[in-house]
Amino acid sequence: MSEKKGVLQGFKEFLMRGNVVELAVAVVVGAAFTNIVNAVVKGVINPIIGALGSQNLDNYKACLTTCNVDKKTGAFTDGIYILWGSVLSAALTFLITAAVVYFLMILPMNKWKDRQAAKKPADNTPADPTEVELLMEIRDALLAQRNGSGPASATVIKQKSQQ
């Protein structure tokens, strides 16, 4: 019984982590947003591109071999053809989705994080000494040790142990 409780407790902790909840929200928002982008591509972008021909990009095809076309429907009845119009439509959908996610979600979130980081107080810890400062201290300690002062060697050992 304690093993079940441990597994269930671990599962609950996993679900309550911020990453899992944020991921679930992102999936739901992304799914809803995909419908909007698809509507924009089909209702606005495809007709603009379709001004050259058919408004439905799915009708743009290229035949690799001898293809027979049904005269009533305009569909290919046999042969090998590439549906490059649907690939173009999917690529446009992806680019629009990526641009909107970046400019409306990622960019503002990064700016907000930068502002929050700027508001945090600076650390009051003193800065670490530079290499030149450490070398000067070691030089001074060695000179003091050569002149017969004993405590200088203890200072050098103490400073080295702190690093």
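V25 is found in helix α2 of this predicted model, in which local features need pLDDT of at least 70, side-chain atom pairs count only at pLDDT 80 or more, and totals for chains, interfaces and linings use all residues. Residues are numbered from 1 along each chain as its sequence is written, and side-chain values use heavy atoms, with hydrogens and water left out. Helices (H or I, at least four residues) and strands (E, at least two) are DSSP runs, numbered from the N terminus. The protein chain contains five helices and four strands, in the order α-α-β-β-β-β-α-α-α along the sequence. Of its 163 residues, 10% are buried (buried is under 20% relative accessible area, exposed is over 50%, and partly exposed lies in between, with a 1.4 Å probe and protein chains only).

V25 belongs to a nonpolar surface patch, together with V29, Y102, F103, L104, M105 and I106. The elements giving two or more residues to this patch are α2 (18-49) and α3 (84-119). The largest share, five residues, comes from α3. The patch has about 670 Å² of accessible area in total, by the Shrake-Rupley method with a 1.4 Å probe, where only the protein chains shown count as cover for residues. Patches are made of residues with over 30% relative accessible area and no salt bridge; like charges are joined within 9 Å and nonpolar side chains (Val, Leu, Ile, Met, Phe, Trp, Tyr) within 5 Å.

One aromatic pair is counted. Rings of Phe, Tyr and Trp (its six-membered ring) pair if their centres lie within 6.5 Å; planes under 30 degrees apart count as stacked, over 60 as edge-to-face and the rest as tilted. Y102 and F103 form an edge-to-face pair, with 5.1 Å from centre to centre and 80° between the planes. Y102 is partly exposed, at 38% relative accessible area, whereas F103 is exposed, at 51%.

The largest pocket has a volume of about 370 Å³. On a 1 Å grid over the protein atoms alone, a pocket is an open set of points where a 1.4 Å probe fits, with protein on both sides within 12 Å along at least five of seven lines; lining residues have an atom within 4 Å of a point. Grid points are joined across faces, edges and corners, and the volume is the space filled by probe spheres set on the points. The lining includes V29, M105 and I106, which are also members of the nonpolar patch. Both α2 and α3 supply at least two lining residues, and α2 gives the most, with six.

The structure holds one salt bridge (a side-chain nitrogen of Lys or Arg within 4 Å of a carboxyl oxygen of Asp or Glu). This bridge joins R139 to D140, with the closest N and O atoms 3.1 Å apart. R139 is partly exposed, at 45% relative accessibility, and D140 is partly exposed, at 41%.
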